[in-house]
Amino acid sequence: MDYSVGDLVIMKKPHPCGCAEFEVLRVGVDFKLRCAGCGREVMLPREKALKSIKKKRERAD
C-alpha cells in the first residue's frame, strides 16, 4: 500500500491516550506519525509502521 504525507491511518493498537487514528507527517525509511487525539508525534521504522497500520483513510482536508 502506498502512503503519502497527510494521509490518516488507523493503527491496530491505540495510542495510550485511547485514539487509534494517526496523521502521516513523513514517509521514508522511517514514518513520522501524529496522534489525532493528543497531538503527540511518534517515529517508527518503516517495517514496524507497515505491520501496525490496519486501514488507510485519504488525506485530511
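Analyst: Start with Val24. Its contacts (heavy atoms within 4.5 Å) reach Ser4, Val5, Gly6, Asp7, Val9, Lys32 and Leu33, leaving aside residues up to four places away in sequence.

This is a predicted model, so local features need pLDDT of at least 70 and side-chain atom pairs count only at pLDDT 80 or more, while totals for chains, interfaces and linings use all residues. Residues are numbered from 1 along each chain as its sequence is written, and side-chain values use heavy atoms, with hydrogens and water left out.

Val24 belongs to the largest nonpolar core. Such a core is a set of buried Ala, Val, Leu, Ile, Met, Phe, Trp, Tyr and Cys residues joined through side-chain atoms within 4.5 Å. Buried means under 20% relative accessible area, exposed means over 50%, and partly exposed is in between (1.4 Å probe, protein chains only). Twelve residues make up this core: Tyr3, Val9, Met11, Cys19, Phe22, Val24, Phe31, Leu33, Cys35, Leu44, Ala49 and Ile53. S3 gives the most, with three residues. Strands here are DSSP E runs of at least two residues, and helices are H or I runs of at least four, numbered from the N terminus.

Now S1. Five of its five residues are buried, so the strand is largely enclosed by the rest of the structure. Both of its faces are covered. Asp7, Val9 and Met11 are buried on one side, Leu8 and Ile10 on the other. S1 pairs with S2 in the antiparallel sense, over three bridges; pairing requires that DSSP find at least two bridges between the strands. Val9 has Phe22 of S2 as its bridge partner.

A polar atom of the Asp7 side chain is 3.0 Å from the backbone nitrogen of Ser4. That is a polar contact: N or O atoms within 3.5 Å, within protein one able to donate a hydrogen and the other to accept it, with residues adjacent in sequence counted only if both atoms are side-chain atoms.

What aromatic pairing is there? The count is one pair. Rings of Phe, Tyr and Trp (its six-membered ring) pair if their centres lie within 6.5 Å; planes under 30 degrees apart are stacked, over 60 edge-to-face, the rest tilted. Tyr3 and Phe31 have ring centres 6.0 Å apart and planes at 75 degrees, so they are edge-to-face. Tyr3 is in the segment before S1 and Phe31 is in S3, so the pair ties together parts 28 residues apart in sequence. Tyr3 is buried at 10%, and Phe31 at 0%.

Next, the cysteines. A disulfide is a covalent bond between the sulfur atoms of two cysteines. The rule used is two cysteine sulfur atoms within 2.5 Å, and the count is zero. Cys17 is in no disulfide; its nearest cysteine sulfur, that of Cys35, is 3.5 Å away. That is too far for a bond. Cys35 is buried, at 3%, whereas Cys17 is partly exposed, at 42%.

Last, the loop between S2 and S3. Gly28 sits there. This glycine is partly exposed, with a relative accessible area of 26%. Gly28 and Ser4 are 24 residues apart in sequence and 9.6 Å apart in space, C-alpha to C-alpha.
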